[in-house]
Amino acid sequence: MKRLTCSTLLLLAAAAFTGCNTAPATDTARAHLDAESQAAIARFRTTDPGIGRLMDASYGYAIFPSVGKGGAGFGGAYGRGILYQKGTPVGFCDLAQATFGFQLGGQEYREAILFQDQSAFERFKSNELALAAQATAVAAKNGASADADYKDGVIVFTEPVGGLMFEASVGGQRFTFIPNN
């Protein structure tokens, strides 16, 4: 996977403020996102097999194989992913985050959001789910799933890919979903 530069991450962060198209525009781009999502799922399962068991038991999950985050005072993040219901892709989603506070740098990470039940899954599909600053993401590492617990029907796992970010900021994530045609 290509490493993102700090300037690229800052541009991606700016996308969080302006919004982006949720679904990839071409079949090639959709196939690329699918391949990256499958690789991210495999990586989460390899990092901690318990995450894989939680995915299998969940009602559904969203996979964001690459989220770019950057900031200098104001910041943001953006990533595009796929929503799965019982392991079957049902549509495309994106994640946008805006933050404010002490922050400097840029990073790339992958994110998995697991939905405990149909209610949480439907909130995500209807674009009603937003993760507040208080939401805690579990760092994906061996054994991380042992202490993971659903909050409001959702568990979030993140895994760093690259970059460096110093931050003490507040913000939240919002999501957009578009079903498969």
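Reader: Start with Asp-56. What makes Asp-56 exposed or buried?

Author: This is a predicted model. Asp-56 has a relative accessible area of 53%. Exposed means over 50%. Asp-56 is therefore called exposed.

Reader: What makes the pair of Arg-45 and Asp-56 a salt bridge?

Author: The N to O distance between their side chains is 2.7 Å. The cut-off is 4 Å, from a side-chain nitrogen of Lys or Arg to a carboxyl oxygen of Asp or Glu. The pair of Arg-45 and Asp-56 meets that rule. Arg-45 sits in helix H2 and Asp-56 in helix H3, eleven residues apart.

Reader: And why is Arg-45 called partly exposed?

Author: Its relative accessible area is 28%.

Reader: How do the labels of Arg-43 and Glu-159 follow?

Author: Take the values in turn. Glu-159 has a relative accessible area of 5%. Buried means under 20%, so Glu-159 is buried. Arg-43 stands at 42%. That value falls between the limits, so Arg-43 is partly exposed.

Reader: Lys-125 and Glu-122 have 3.9 Å between N and O. Why is that pair a salt bridge?

Author: The limit is 4 Å. At 3.9 Å, the side chains of Lys-125 and Glu-122 qualify.

Reader: What separates Lys-125 and Glu-122 along helix H4?

Author: About one helical turn, because they are three residues apart in helix H4 (residues 118-125). Lys-125 is partly exposed at 28%. Glu-122 counts as partly exposed too, at 31%.

Reader: Now strand S2. Why is S2 called mostly covered?

Author: Count its residues. Of the 28 in S2 (residues 88-115), 20 are buried.

Reader: How do you know that Gln-97 belongs among the buried residues?

Author: Gln-97 has a place in strand S2. Its relative accessible area is 10%. The limit for buried is under 20%, so Gln-97 is buried.

Reader: What makes its approach to Gln-173 a polar contact?

Author: The two side chains come to 3.2 Å. The cut-off is 3.5 Å between N or O atoms. The pair of Gln-97 and Gln-173 therefore counts.

Reader: Why is Gly-105 counted as buried?

Author: Gly-105 also lies in strand S2. Its relative accessibility is 13%. Under 20% means buried, so the label holds for Gly-105.

Reader: How do you know that S1 and S2 pair?

Author: At least two bridges are needed. S1 (residues 60-85) and S2 have 23, in the antiparallel sense. Among the partners, Lys-69 bridges to Gln-107 in S2. The hairpin has two residues between the strands, and there Lys-86 takes a positive phi near 50°.

Reader: One last case. What happens at the start of H3?

Author: A side-chain oxygen of Asp-48 reaches to within 2.9 Å of the backbone nitrogen of Gly-50. Gly-50 is one of the buried residues in helix H3 (residues 49-57), along with Ile-51, Gly-52 and Met-55.

Terms used. Residues numbered from 1 in each chain as written. Predicted model: local features only at pLDDT ≥ 70, side-chain atom pairs only at ≥ 80, totals over all residues. Heavy atoms only, no water. Buried < 20%, exposed > 50% of the residue type's maximum accessible area, 1.4 Å probe, protein only. Helix = DSSP H or I, 4+ residues; strand = E, 2+ residues; numbered from the N terminus. Polar contact = N/O pair within 3.5 Å; in protein donor to acceptor, adjacent residues only side chain to side chain.
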